[in-house]
Each structure stands twice: as structure tokens, then as C-alpha cells.
Amino acid sequence: MDIRSLLSDIGLTSATGEAAVLVPVASFADMAHQCVAAGAPLVFMYATDERAAHKTYGVHAVFSVAVSGFLTLKCDVSAEDRTYPSLTRTIMAAHWYERLMHDQFGIVAQGHPDWRRLIHHENIPEGTYPLRKDFAVDTQLAHAQVPYPMHAVEGTGIYEIPVGPIHAGIIEPGHFRFNVRGERILSLEGKLFFTHKGIEKLVEGKLPAQALPFIERISGDMPVAHTLAFAEAVERACRTVVPKRARALRVVWSELERITMHIFDIGNIAGNGTGFTFMAAQGFRMVEELRRLHDSLTGHRFLRGAITLGGAHDISAEAVMDILNSLKKTEKDLQAILDIAFASDGLMERFETTGVLSREAAIDYGARGVAARASGVGIDMRRDHPYAGYADLGVLVATESSGDVAARFKVRAREVAESLRIIRSCLEKLPEGEAQTAVVVREGEALGWAESWRGAIIDWVRLDEGGRIDRCAISDPSFMNWALFGEIGPGNIVPDFPLCNKSLNLSYSGTDL
Amino acid sequence: MMYVLIFLQWICVLALAPLTVGIVRKMKAHYQNREGASILLPYWTILSLMRKEMTITRHSSWVFRVVPFVVLATAVCLALLVPSIAYGILPHAASNIFLIGAIAALGSVFLVLGGMDTSSTFGHMGSSREMTLAALVEPAFYLVLSTLGLLAGVWSLDGIVGYFAMSPWSAVVPVASITLLALLAVILAENARYPVDNPATHLELTMVHEAMILEYSGPYLAMLEYAAAIKLTVMLVLFMNLVLPFGLLHPAFGLALIPVALMVFVAKLTLGGLLVATIESTIVKMRFYRMQEYMSVAAIGALIGFILVLIGHTL
């Protein structure tokens, strides 16, 4: 599909779609619905505070128009009224974004079916809208007691199980509320957002280079993907062309991150999720070897510093050989443990039919990454919207159709194989020359994106006249995927929930910027 | 003489129980290509727990405080009444299989009460699961014990082990093999091992035994951990004594053979630990809603063994 034909389909013949297309508030929801109906899913919503210039808030909805790009529809919401008709009434994927925009800016989506707080817990006073320009970053909030109701089921023999936010093991905080009958889950809802860092607010007024370390720390296990999406947005806004060598290296770093975390998940799902300890022991050993490789290459075990503005961490010819040798060993070991895993009937029995996400739900919720692909939704930024050096690599997108834990496990295994091929192909013909160019900051705005190992990251950055960040909106895949538990959980039994959880492996920190 | 042996047997099981847990853990670590902690670690765990303070929720009653004592007492009784080193030393009435089954059940029931007393979510979940499992395990457990009793013609465990020890191996063990497999399944379930429960997990939502004792800390936790170790040791040794009924003491042999019997005891513990570690490293924990299938297999195995013995008697 092509953006211009989509625009003419929805009656906007004069717009080009290169910048955000301004539409009236009244027809915003309707046009958004038409975009989704035409096959361009809603992938991102963000708001901007434009009261200083126009006495309005801007509400933006971004649609993915594979393979020609992204279409952004924008409506101006008056600063007094602060309302617009909710998109969630017809587009499920908007449900958390609209609640988020209310918590951040106080913009009201009228007709939203589940109008509760999202990121603000009980203790945040009413009327706290931290991303408004007149909200100081160091504001001291009073301790409030605002209700934060959670879904409950009533009836004979129904029990509520509260779990967390503090968990056993070294994981992040998150609260889960199960309503069960016996062991069978009837409903499941998460209360997240215990790890708020205020990154979107903190980076405002900073130069992109100063903001990069903040972006790198959004989620500890995906620094490459986050910095890459941000760097691409800034470079696009500043019209910087990144050297070919840097583009190829960005692919290498991204795929190394993907391989490492997919192997971690393979070990964690099969090992800790089911108690097949062999898989965890071997998987984590391989992850450790890769982390040491990362350390020797970039000086950081989690690949921080691999992506820079206008470039990427460069490597020597010997380092190329190190990577290839390490990956050869990784590939062999992984194949060996996967053979054992797939040969274990007990393991496959635990995986199959557990935590099923239907294709319809994956599409409606805007599921990203492995969760979507395992349910038959073949989306992948690397192929749909090529960035960095992916355009000429011909990325194969692995999909499965059953949507259960087994499908997500298999998708990961297949993606590691594809990533190995991509890295080898990149390193074989690594372009000569510089891997870094200077980014001259200027006024502008742009989207940047990357397919992290968890799924797509989309960033929108606006730089002011001084080249400082005016607004940086970040869409992390975990934010889109957490709500899937409401679909995945019910019907399973409580002891299988950790397995479902591990099969998605979402970030608490990434959800809660 | 008899009392010396009874006392020796009791003390050995109590002293070596934490070692069994250490051996299982060490062997599991080896299966995972890890070095693993020292096999003496469970002793240190218990000792350090004894020195720690206890945090007991206000919302608990006297039941919570009684549970560790009852559970430990039942485990200590099992150590006294189940033949591990010698046979022919316990009165048949004391070593009666139904008495031993009831003592084990008493400990389980109090664990369940302890799990429920604090009204914590996980405690309730663990207790509910434990009762479900108990209802599934007990028929198989009693069928297995009855079959063995019928085979030996005596209703005491001491007598059953004695019968196995005195008969030629090829005459009894192959006959009872189905029953012994069922016994192994029961032992794994009773001791919260794979494929029923995972003693090493940190995932509260999947726990059974660990969920019930989640609220315990300090000396009470030490008592419960020690009780679990004793129960595992007693049952593993019983199983090994039936499968490999060699090297057991009898009052008639005199005291000279005690060192040999002790070495055999340790060897059996190691073998039993290896067996558990192998099972836990090669199979996956079962889905909770398939437990009835697992226990049905155990119960039907026991039943087949029972019928075989009955047929053998009538022929």
C-alpha cells in the first residue's frame, strides 16, 4: 500500500503524508478507523503540548503503511475543552495510549470504554499532568489516595489472587490480579508502572547527544534497539546521512542483541518456566559467553555505547573474526540444546495449547514482535520499514500460527537462525570507511524505529530551533504487549502463568518510561 | 541389643537426612554442568536458620506455631518406625503400615493447616493443591503398602523389609516390580519432587510444598526443612531397601556388622539421591491438571501388583 492512495481513500486528497496530516477533531476517530480498515494498523499515539503557540494540545495517531512508511494523523484539541472522540471505540490498539495521554497531559478521550488511570497509581494527586510544559520536572507531589480499581469477578467459588509487586527472584516490580475458580484463571489484569523514571520529561531541553544515555537505559536488556530508534529519529530530523559502514554495524549490534536475548528466553522458557533445568543451565551459559563477547567488543556486556548518534561502535578485522568464531560455537550449542528440547515430549506438552493468543486478538491489540508473529501476524520493522542496513538484506520473517507458548518458542529459535545469517552476511561485506558522521542538530521532527528482539520500537522526536529536544515520545513494545495477558491468561491454570509470562518476557521498565 | 539397633537406626536417619538433600542437589548441579554447592550445605542452612529471628504475621493463630512441631514430630516418628538399617527389631504393631501411613498423613494435614493459617494467598494456593494431591496419592500409597504386606504376609514395614531381605532377590523383587514403580511415583509425590512439584523453584504461582511454608522463617522454617529432609530420606531408603534388600542388620548378626551396615546405608542414600536427581534432570514438571493421570498410573500400577500377588497366593 502507498500512503498517498491511503490518504485519498480516506478523503484527504491534498495531503502528501510526509508530515503529520492535520484533521478536524470531529473526524479524527472516523479517519483513524478508515486507515485501520484499509489495512494500515495503528501503531503509536502520542500527544504534544502546543498551548504556547496555538492554545491547543496535539493528539497524534501513527499508522504503519507497509512498506511505504508511516502516516501520522493529528488533531488539535483545544486547551480549555481538552476532549476528542476516543479512537478506542473502534481501534482496540489505542486503549492504553489514550489512557496514557490522559495521565500525561489531561486530554480526555470521550467514549473510551475503560476510562481508568494507567500510569498514575493511587498516590498521584488528581490533576497531575507531568508532560505539560508548565509542569516542572522537580515538582514535589503530595501523597494522595485516589482509587485505582482493578477488574474483579464475583460469584460462588471465585477467588482473587493478588501477586506482587514484589516477586521472588530477580525481576522487576509488577502487580497481577487473578480471578480464579479453582486453578482456572477467569480474568487477569496487571498493574504495572512501578518503575517510572520520567525519561520523556527528563530529555526535554537536552541536546540529542545528552539524551542518548537516558534512552539507552529505558530497558536494560535492549539498549541497542532503543538507542537505534532514537538515533534514527534524530538523524532523520536533522537530515543526516549515516555512513554505510555504520549502517551495517548497526545491523550487527542489533542482531547480536537479538541472538543473546532470544537464547536467554529459550533457556528461561524451557528451563525456568517448566522446570527443565538443563535448558536454563545451558542457555544461560551461552548467554554469558555472548555477554563476554559483547564486553570484549564494546566494553559493555549489554552493548551500551554500540549505537552512537550518526554512527556505530566500530570494530577491527580481528573483532570480526571473534564474532564469527563465537557465533559458530553458539550456533552449534544452540542446535544441540534445541534438539533435546524438541525431543522432550514432556516439554512440548507443557508448551502446546498453553497461553494461546488468537490471531484476531494479536491484530486488535496491536501486538508486537514475537507475540504477534507466533500468532500468525507477520510484522517485522526490518522488512516492513527497512532501517539502518536492513534494506538489502532480505530479512525473512518467521511466523507460526498456533499462538501458544510452543509457537513463541519456535519463532525465537527460527529468528536466531535468521539473525546468524544476517550478521554473517553483514560482516562478509562490511563496507570500508568511517563508521561515524557528525550530526548537526537543527529544528525538525521525525519518526525513528527499530525492531528490537521484543518487537517494534517507534520514537517520535521534535527538536526546537536550538536543536534541543522539545518532545520525545517513545513507544516500547512491552507497552503494547502487556495488555495481551488479559487475552492470554484466562482459560489457563495458575501454575502455567509463569510459563506464559516467560514466553512473552516483557519489560516493566520499558513500559514505564 | 534390639534397643541399641533401634536407637542407632533412628540416630543415623536423623543425622544423615540433610545430607540426602545435599546429595540430590549436588547431583542435579552436575547434570547441569555446574559445580554445585557443598553436600553439607543443608546442615549449614538449618543451623543458620536456627540462629535467625522469626517474623510471624499478626494474622496467624496458635495453629501456625504448632505446625512445625507436629510436622517435625511426625517426621521423627517415621525415622524411628521405618526400617532403614536393620530389620526384625521393631514390634509389628509399631511398624504397622497403616500407622505409618497415618503418621505421614498427619504431618501433611498440619502442613496444610499451617499454609492456610496466615490467610496469605500463596499459602492457601499451596494448601489447596496439597489436599488435591493428597486425595490422589493416598489410594496409591495404601494400595502399594497393602500389596507389599500381602506379599510378605505381614502388616508391618519392618516385617516387609525383613521378608525382602531374607528371600532370594530374584524371587521377590521382580514379582513386586510394578508395585515398587508405583511406590517410587508415590514417594516423588509425597516429597514434593518432580514431576509433581519443583523444590527448587522461586515461582510462587507454581509451588505446592514451598507455598505452604512460605510464611515460615527462622527456627520454624529450619524445623520444616529438616522434617522434609527426614521424610525424603526415610522414604528413599525404604525404597532402596526394597529394591536392593542387601546389607541390612538383624539382631542375630551381632554388633560387628554395624560398620558395614552403615556404609551400605550411605551407599543406598547416594543411589537414591542419584535416582531422584536423574529423574529431576531428565523430565519436565507436569502440568498441574495432569496430576490425576500421573497418580492414576501409580494407583493402577499398585492395583495390578495387588492382583498379581493375589493370583500368586491362590495358585
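User: Why are α10(A) and α15(A) called roughly antiparallel to each other?

Analyst: This is a predicted model, and we start with the angle. Helix α10 (residues 317-343) of chain A and helix α15 (residues 405-428) of chain A have axes that cross at roughly 160°. Angles over 145 degrees count as roughly antiparallel, and therefore α10(A) and α15(A) get that label. Their axes come within 11 Å, and the crossing is left-handed.

User: Which residues make that contact between α10(A) and α15(A)?

Analyst: From α10(A) you have V320(A), I323(A), L324(A), L327(A), E331(A), L334(A) and L338(A). From α15(A) come A413(A), V416(A), L420(A), I423(A), R424(A) and L427(A). Sorted by class, that contact has eleven nonpolar, no polar and two charged residues.

User: How do you know whether G123(B) is buried or exposed?

Analyst: Count the neighbours. G123(B) has 24 C-beta neighbours inside 10 Å. The cut-off for buried is 20 or more, so G123(B) counts as buried.

User: Where is G123(B), and which residues does it touch?

Analyst: You'll find G123(B) in helix α5 (residues 121-152) of chain B. Leaving aside neighbours within four places in sequence, G123(B) is in contact with G115(B), M116(B), T118(B), A211(B), M212(B), L214(B) and E215(B). As for S170(B), 47 residues apart from G123(B) along the chain, the two C-alpha atoms are separated by 46 Å.

User: What is there to notice about phi in R82(A) and F193(A)?

Analyst: Most residues other than glycine have a negative phi. R82(A) has a phi near 60°, a positive value in a residue other than glycine. For F193(A), phi is likewise positive, near 60°. R82(A) sits in the loop between β4 and β5 (83-85) of chain A, while F193(A) is in the loop between β9 (184-191) and α5 (199-202) of chain A.

User: And why does R82(A) count as partly exposed?

Analyst: R82(A) has 15 C-beta neighbours inside 10 Å. Buried needs 20 or more and exposed means 12 or fewer, with partly exposed in between, so R82(A) is partly exposed.

User: What about F193(A), buried or exposed?

Analyst: F193(A) has 22 C-beta neighbours inside 10 Å.

User: Which residues are joined by cis peptide bonds, and where are the prolines?

Analyst: Most peptide bonds are trans. In chain A, a cis bond joins G164(A) and P165(A), with omega about 10°. P165(A) is in the loop between β7 and β8 (175-181) of chain A. In chain B, a cis bond joins Y194(B) and P195(B), with omega about -5°. P195(B) is in the loop between α8 (177-190) and α9 (209-212) of chain B.

User: Last one: which domains does chain A have, and how do they touch?

Analyst: The domain assignment gives domain 1 (3-110) and domain 2 (199-511). Their centres, taken over C-alpha atoms, are separated by 27 Å. The contact takes 15 residues from domain 1 and 13 residues from domain 2. On the domain 1 side, β2 (42-50), β3 (56-65) and β4 (69-78) of chain A each supply at least two residues, and β2(A) gives the most, with five. By class, that side has twelve nonpolar, three polar and no charged residues.

Note on methods
Residues are numbered from 1 along each chain as its sequence is written. Chains are lettered from A and ligands numbered from 1 in the order in which they are written. This is a predicted model: local features need pLDDT of at least 70, side-chain atom pairs count only at pLDDT 80 or more; totals for chains, interfaces and linings use all residues. Axes are lines fitted to C-alpha atoms, for helices over the stretch in contact, and angles run from 0 to 180 degrees between N-to-C directions. Helices (H or I, at least four residues) and strands (E, at least two) are DSSP runs, numbered from the N terminus. Angles under 35 degrees count as roughly parallel, over 145 as roughly antiparallel, 65 to 115 as roughly perpendicular and the rest as oblique. A crossing is left-handed if the near helix is turned anticlockwise from the far one by less than a right angle, and right-handed if clockwise. Two residues are in contact if their C-beta atoms, placed from the backbone, lie within 7 Å. Ala, Val, Leu, Ile, Met, Phe, Trp, Tyr, Cys and Pro count as nonpolar, Asp, Glu, Lys and Arg as charged, and the others, Gly among them, as polar. Domain bounds come from an automatic or database domain assignment.
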